[in-house]
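Let's explore this model together, one question at a time. Have the sequence and the 3D view open as you read.

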Amino acid sequence: MKIRKLYHLPPDKQQDLNYLIRLEWWNLAFRISIVSVLALVLGNSQAMKVAWLEDMLSLIPPIAFLLAVRFRKRPPNETYPYGYQRATIIAFLCTATALSAMGLFLLGDSLLKLVHQEHPSIGAITLFGETIWMGWVMVGVLIYSVIPPVIIGRLQTKAAAKVHEKTVFADGKMSKADWMTGMAAIVGVLGVGAGFWWADAAAAAIIALDVTKDGITNLKEAVGDLLDRRPHFTSREKPEYMEEALEAELRAMPWVAAASVRLREEGPIFSGEAFVTPHSNDDLARHLKEASQHLNNYDWRIYEVVVTAWPNEEHIPSPANATPP
Amino acid sequence: MQSKDSFITFVFRPSRLIILAVLALAGCRYPVNIERPMADMQGGELNIGLSENPPWVINTDQGPAGLEVEIIQALAENMDATINWHWDSEGNLLAALSHYQLDLVIGGLTQDSNVSALAAPTKAYYKSRYLVGVPEGTPIPSNLEGVEVTVPVVNHIARALKKEGAIPRPTPDLGTQNEAVANPSWWLHAHNYQIGDWEIATDQHVMALPKGENAWMLAVQRHLNSYPDIEQRLQRLEAGR
């Protein structure tokens, strides 16, 4: 059996990844603290409930990422000859599914409250012998819940783009959505205090809409990865055009008459096949192996491109190759 | 990315306006009620629903009495308000409350899902602790294992008593026999029982307000929190019966 070699990141990228892992641990710690504090002051506010559930849910991406990173360090073996790289995609799919489902549920729940015209009760709390309106405490806690995601979210998206970690990139976007959620919940609570019964549920519905939107965007991305869609780099909507670059590399080799390449994503890295038509069959096996090694070292994101010889000229040049980007 | 940014401005710009508007509207009177303004209650009429449940609410020839009636009378006095009392069953009163026909419902209500489904309960202003007591002069048993304990015929503590190993015996005229009794601490004190240190159950006593009347809730809660000597008042009311 031919078992793959374990993928190793180049040292500088490994450093970037280690930083990202540390960042996610911090992120997880902050989110756990936010979830616990929010739970204490939930009360009867729908917007608070939605914000809290979103925060609960936002624990999943860092956990999924940290687990996946641990898991994919395992070398490929006889049972899993392709290795464990795709664990990352599973983590990503989990995150996206949870996000979409919760978003839809909360949206429905909030709209129902609007339809029923429920008047949210935000009671009183006694702190240090002083009875004050619970809304003030909620707003205070929400302000705390807003600060870490603003800072961490910014760091996350930058760091994640460096090592092409979609889970964290999506998570960073979620962090950004998080602070919006917090702000909307504050508006909701203050609105109720000002006598607008709908403020709370309306704020909750807006938050839920945003959560759903995030979830569906990421779900599309995760399904795309599972269906071996052509690679898209983390932060971009357009494909990466790595295939075209590899084809050009192959064609530049003296023994190659024509070449075409297809790639897929395996988590943060790419694998695929290259089909080449040689001018002659001299030394073909050695040429193929060297070509494969050359391609595998072409970019840090490439894990394994298998090069095979193709007898005829059935190559269809990639559309972008005619006019390189 | 583009759509996210535009989403943020879409949500955030109006929300900033709303915050400003809210602060401007609210001034120092914050929070405000959703249905009935506080200004209308202050010096106005309070519609209080009550159902009999001594010693919390007692129906006497001279009108309503009881601990919760006293509490609300004191609150109304502070607010210069007059009270319209409305006697009815707890279920009817809570339903009326959910339609904003009443301002408050009392009747020895305890924290449970029936109340919170239709109304906004206050925080518990008093906890009734169900304890076991023995008549004066009788030694307190070292544990409840196998001890016969008399309880009211209608009660919700028999199961908890059984868990402690005691044998609950429902009795119509509680306190007339020379036997151990399980009942709230104020009842045991009022009837001069010696009290053992087994806490069988607790009732969290609340009052019911209409949902969303957050200023009213704050006023009631403040009044409840500052109301003194609830235990002693309950003892006095029970002893006077």
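Q: How far apart do the C-alpha centres of domain 1 and domain 2 of chain A lie?
A: This is a predicted model, in which local features need pLDDT of at least 70 and side-chain atom pairs count only at pLDDT 80 or more, while totals for chains, interfaces and linings use all residues. Residues are numbered from 1 along each chain as its sequence is written, with chains lettered from A and ligands numbered from 1 in the order in which they are written. In chain A, domain 1 covers 11–226 and domain 2 covers 242–322, with bounds that come from an automatic or database domain assignment. The C-alpha centres of these two domains of chain A are separated by 42 Å.

Q: How many charged residues are on the side of domain 1 of chain A that touches domain 2 of chain A?
A: Two residues are in contact if their C-beta atoms, placed from the backbone, lie within 7 Å. Domain 1 of chain A brings ten residues to the contact and domain 2 of chain A brings eight residues. Sort the domain 1 side by class (Ala, Val, Leu, Ile, Met, Phe, Trp, Tyr, Cys and Pro count as nonpolar, Asp, Glu, Lys and Arg as charged, and the others, Gly among them, as polar). You then find two nonpolar residues, three polar ones and, as charged residues, five.

Q: What is the strand order of the open sheet of three strands in chain A?
A: Helices (H or I, at least four residues) and strands (E, at least two) are DSSP runs, numbered from the N terminus, and two strands pair if DSSP finds at least two bridges between them. S3 (256–266) and S5 (302–309) of chain A are edge strands with a single partner strand each, so one side of each has no neighbour in the sheet. The pairing is mixed, and the order in chain A is S3-S4-S5.

Q: Which residue of S4(A) stands opposite Glu266(A)?
A: S3(A) pairs with S4 (residues 269–278) of chain A in the antiparallel sense, over ten bridges. The two strands form a hairpin with two residues between them, and Gly267(A) in the turn has a positive phi of about 75°. Along this pair, Leu263(A) faces Gly272(A), and Glu266(A) faces Ile269(A).

Q: Which helix of chain A lies across S3, S4 and S5 of chain A?
A: Axes here are lines fitted to C-alpha atoms, for helices over the stretch in contact, and angles run from 0 to 180 degrees between N-to-C directions. The helix you want spans residues 242–251 and runs at about 150° to S3(A); it is H8 of chain A.

Q: Which residues have the most contacts inside the largest nonpolar core?
A: A nonpolar core is a set of buried Ala, Val, Leu, Ile, Met, Phe, Trp, Tyr and Cys residues joined through C-beta atoms within 7 Å. Buried means that 20 or more other C-beta atoms lie within 10 Å of a residue's own, exposed that 12 or fewer do, and partly exposed is in between, with C-beta atoms placed from the backbone. The largest core has 120 residues, and those with the most contacts inside it are Ile207(A) and Ala208(B).

Q: How far apart are the C-alpha centres of domain 1 and domain 2 of chain B?
A: Domain 1 of chain B is assigned 38–125 + 206–239, and domain 2 of chain B is assigned 127–203. Seven residues of domain 1 touch six residues of domain 2 in chain B. Their C-alpha centres lie apart by 29 Å.
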